[in-house]
Amino acid sequence: MGPAHFPDTLHCESIASRSRQLDWKIAPHRHHQLHQFFLLESGGGSIAMDGQTYELTPPVAITIPLLTVHGFQFQRETQGWVITVPQQVLDEVLKSTPDLGEELSTPAVVLATPEITASIMRIDREHSHPRKSRRGYLTHLVGILAIDFARALEQNRFELQKKGSTEKTHLQTFLALLEERFVECHNAGGYAAAIGITTQHLNRLCRQVTGRTTSDLIQERLMLEARRSLAYTRMTVSEVAYSLGFADPAHFSRLFRKNMGLSPNAFRQNLEPEI
């Protein structure tokens, strides 16, 4: 999927499809805009999360919030699934149940319940076989999966200590503020001041974890919303610009072209029909 295409609701793939080519070992890494859910049905292995290692004996499920450093060592031919959800999608579906957002903000390993397994299988079927209203259906399934995990956490949980450093907390705060204020605040200094750190400090944190500057992340969030508006509304380009807090539509168009490689109008014309 090229950068000019509207991003998918989520990504679903088997554990084997990714791990087999890496000799069943996933090096430690972290995502700054993604939440992942794993289901292991057979096989097993271990996961290292934020410096701690846990054995995985199927059936087991894992929830990994953004910024959690994690890596895997799977047994060969381990069978299971990984669901990767943009944090913006997860935040949207959890608006009516904010307590779930708190539940899922900490990494956890749980025994896989029949409900978790059923939800992930439904997501896999819908993701693999596009049908009418696919996007909306997948979004609803994400909400159901989140509830399934929250209920499982009440029943059984392998406790993972929350080892949040001050710097990780600062970055999490920035990402949360960005989601709340990206329309009204387009500059890094405004976010740094709200957090209580310098712009340089915030920029260093962003580069260290994501490889991008604070301004890059702000622009990415604006462009994501711009693509959504261009794809799913009939607003004119000027109206999209104003809705995103730009006083000058021409400036918005230049920024869009710089980030996406084509103008807003061209992006809209090149959109593939939604299934």
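Residues are numbered from 1 along each chain as its sequence is written, and side-chain values use heavy atoms, with hydrogens and water left out. Because the model is predicted, local features need pLDDT of at least 70 and side-chain atom pairs count only at pLDDT 80 or more, whereas totals for chains, interfaces and linings use all residues.

The structure holds seven aromatic pairs, a pair being defined by rings of Phe, Tyr and Trp (its six-membered ring) whose centres lie within 6.5 Å, with planes under 30 degrees apart counted as stacked, over 60 as edge-to-face and the rest as tilted. One of these is the tilted pair of F38 and F72, with 4.7 Å centre to centre and 45° between the planes. This pair links distant parts of the chain, since F38 belongs to strand β3 (residues 34-42) and F72 to strand β7 (residues 70-74), 34 residues apart; strands (E, at least two residues) and helices (H or I, at least four) are DSSP runs, numbered from the N terminus. F38 counts as buried at 6% relative accessibility, and F72 is likewise buried, with a relative accessible area of 4%, where buried means under 20% relative accessible area, exposed over 50% and partly exposed in between (1.4 Å probe, protein chains only).

F246 and F252 form a further tilted pair, for which the centre-to-centre value is 5.4 Å and the angle between the planes is 55°. Both residues are buried, F246 at 6% relative accessibility and F252 with a relative accessible area of 0%. Ring pairs also join F246 and F252 with F256 and F267 in a cluster.

Helix α9 (residues 214-232) contains T214, which counts as buried at 1% relative accessibility. Leaving aside residues up to four places away in sequence, T214 touches F174, A188, L202, N203 and C206, contact meaning heavy atoms within 4.5 Å. Helices α9 and α11 (residues 249-260) pack at an angle of about 100°, with their axes 11 Å apart; axes are lines fitted to C-alpha atoms, for helices over the stretch in contact, and angles run from 0 to 180 degrees between N-to-C directions. The angle makes α9 roughly perpendicular to α11, a class that covers 65 to 115 degrees, while angles under 35 count as roughly parallel, over 145 as roughly antiparallel and the rest as oblique. In this packing, Q219, M223, A226, R227 and L230 of α9 meet F252, L255, F256, N259 and M260 of α11. By class, the contact has seven nonpolar, two polar and one charged residues, with Ala, Val, Leu, Ile, Met, Phe, Trp, Tyr, Cys and Pro counted as nonpolar, Asp, Glu, Lys and Arg as charged, and the others, Gly among them, as polar.

Several backbone features occur in loops. The peptide bond from P58 to P59 is cis, with omega near 0°, and P59 lies in the loop between β5 (52-56) and β6 (60-64). L67, in the loop between β6 and β7, has a positive phi of about 75° although it is not a glycine, and this residue is buried, with a relative accessible area of 1%. S133, located in the loop between α4 (114-128) and α5 (134-155), has a positive phi near 60° and is also a residue other than glycine, but S133 counts as partly exposed at 45% relative accessibility.
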